[in-house]
Amino acid sequence: MNASPTASQAAPVAPASNAAFALTILTLINLVNYLDRYIVAVALPDIQKEFGINDTQSGLLGTMFMVVFMLASPLGGYLGDRYPRKLLVAGGVLLWSLATGASGLATTFIALLVARSVIGIGEAGYGAVAPSIISDLYPREMRTRILAFFYTAIPVGVAAGYGLGGWLTQSYSWHVAFYVGGVPGLILGAMAFFMPEPRRGAMDGPDAQTKMPFMVGLKGLGRNGAFWAVTAGYTLMTFSIGGLGFWMPTYLVRERGLAQAETGTTFGAITLVAGLVGTVVGGWLGDRLDRKREGGGLWMSGVGLLLAAPAMYLAVNLKAMGPTYAAIAVAQFLIFLNSGPINAAIVNCVPPAFRAFAMGLNVLFIHMLGDAISPTLIGSIADAASLHTAIEVNSVPVLLGGLALLVGAKLFREAVPRMR
């Protein structure tokens, strides 16, 4: 179930001729993906006022989206290994963009909850197959930095969600914020129909497995220790940053006394700069470390999470806002180092015929045990104690995630030996 070193050695060394167009479309879609997710976080105080819901109920807006998204992702991956992937991407983007606009029409909490759940179905058709498409457009030697470029859309999208959502919510209403958020995806969804559909395994050499019975692939994946160790570390990290991203704007408004628009703009700007720099540096440095030894990028990711945990703890225990923002920036930089190396490790340690499903299964676990439960759990801790305490405890999973990734780097190095 591990990638073949011989196939990797014989693989093409240059990207496909039409790779840049597809990468651009997929990256812009990924940006809109996170913009749509995080509008709700910065609009949450107004949503709570309008519907009269508590923190535990509010957390369900994040949790229900993630539950649907994670459950649908393996199905999206299964289809992505068997049918034209660009059709799944286009259809998924159009569906979630329509659901984002429909969120603004909600007049009850239940209606909003249903709309957020439908967004999860649309995103599942995209999230599992996009890295698979990219891995068939670019050779292995470039994948870490190319996937890092793809994931630069996360901090940009999160920042856009915070900034645009905060401004539109304060200037108009949270309903308008959702209306506006749905428009870009409709345009990009239509453009996705014109993307190239690369041959599976095109960049993995002539011996790459491009077809595989499902049960054979599933048994092989079950024995793939590197995949599961990376998934464990990714899950712990996702639990923590999912809860943090959902609740930090509310924390800054409620416990630090900041204005809602200022919170969205400032926190969004920090996320943009720290996340963008961290993702780019992680892709570049991960490729360099991978060339020195297999699993070098994963090792860097583990160390980054070990250092991010104390920075997250300090962020809610420093009194002055300047040092608080600095601690948030450092934590986000260290966390976003991982975007390229972790996802490159996943696509590199499974054969091309099973990559989309492996990504879908990874999505299932990182959300089922990660950010599908963390917004509600943190909300419950906040109701029982305080939001400060809930966010403070949230640094522990990051620490454990760093340890898991270090184990994953060791297993990856043993499972995918480099032919020199």
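Predicted model: local features only at pLDDT ≥ 70, side-chain atom pairs only at ≥ 80, totals over all residues.
Trainee: Let's start with Glu 123. Is it buried or exposed?

Mentor: First find the residue: Glu 123 sits in helix H5, which covers residues 109-127. The cut-off for buried is under 20% relative accessible area. Glu 123 has 0% relative accessibility, so it counts as buried.

Trainee: Which residue forms a salt bridge with Glu 123?

Mentor: Look at what touches Glu 123 beyond four places in sequence: Asn 33, Arg 37, Phe 65, Phe 69, Gly 92 and Trp 96. A salt bridge needs a side-chain nitrogen of Lys or Arg within 4 Å of a carboxyl oxygen of Asp or Glu. The closest N and O atoms of the pair are 2.9 Å apart, and the partner is Arg 37.

Trainee: How many residues apart in sequence are the parts that this pair ties together?

Mentor: The salt bridge runs between Glu 123 and Arg 37. Arg 37 is buried too, at 10% relative accessibility. Glu 123 is in helix H5 and Arg 37 is in helix H2 (residues 19-51), so the parts tied together are apart in sequence by 86 residues.

Trainee: What about Arg 85? Which residue does it pair with in a salt bridge, at 3.1 Å?

Mentor: Arg 85 counts as buried, since its relative accessibility is 0%. The closest N and O atoms in its salt bridge are 3.1 Å apart, and the partner is Glu 197. That pair links distant parts of the chain, with Arg 85 in helix H4 (residues 85-103) and, 112 residues away in the loop between H10 and H11, Glu 197.

Trainee: Is Glu 197 buried or partly exposed?

Mentor: Anything under 20% relative accessible area is buried, over 50% is exposed, and in between is partly exposed. Glu 197 has 30%, so the label is partly exposed.

Trainee: Which residues are linked with Arg 85 and Glu 197 in a network of salt bridges?

Mentor: We already have one piece, the salt bridge between Arg 85 and Glu 197. The network of salt bridges brings in two other names, Asp 136 and Arg 355.

Trainee: Now Arg 145. Where is its salt bridge partner, Asp 287?

Mentor: The closest N and O atoms of Arg 145 and Asp 287 are 2.8 Å apart, and they form a salt bridge. Arg 145 is in helix H7, and 142 residues away is Asp 287, in helix H13 (residues 260-292).

Trainee: How far apart are the end C-alpha atoms of H7?

Mentor: At 1.5 Å a residue, the 12 residues of H7 should span 16 Å. The end-to-end value agrees with that, at 17 Å.

Trainee: What distance separates the C-alpha atoms of Phe 150 and Thr 279?

Mentor: Phe 150 touches residues from elsewhere in the sequence, including Leu 23, Tyr 126 and Ile 134. Thr 279 is 129 residues from Phe 150 along the chain, and their C-alpha atoms are separated by 9.4 Å.

Trainee: And Tyr 138, what distance separates its C-alpha from that of Ala 14?

Mentor: Tyr 138 is in the loop between helix H6 (130-135) and H7. With a relative accessible area of 6%, it is buried. Among the residues it touches are Pro 15, Ala 19 and Met 203. Ala 14 is 124 residues away along the chain, and the C-alpha atoms are separated by 6.9 Å.

Trainee: Last one, on the surface. Which helix gives the largest share of the nonpolar patch?

Mentor: The patch is made of Phe 21, Leu 87, Val 183, Ile 187, Met 191, Phe 193 and Phe 194, with about 690 Å² of accessible area together. Phe 193 is in the loop between H10 and helix H11 (214-222), and at 38% it is partly exposed. The largest share is 3 residues, and they come from helix H10.

Notes:
Residues numbered from 1 in each chain as written. Heavy atoms only, no water. Patch = residues over 30% accessible without salt bridge, like charges linked within 9 Å, V, L, I, M, F, W, Y side chains within 5 Å. Areas by Shrake-Rupley, 256 points an atom, 1.4 Å probe, with all protein chains shown as cover. Helix = DSSP H or I, 4+ residues; strand = E, 2+ residues; numbered from the N terminus. Buried < 20%, exposed > 50% of the residue type's maximum accessible area, 1.4 Å probe, protein only. Contact = heavy atoms within 4.5 Å. Expected span 1.5 Å × (residues − 1).
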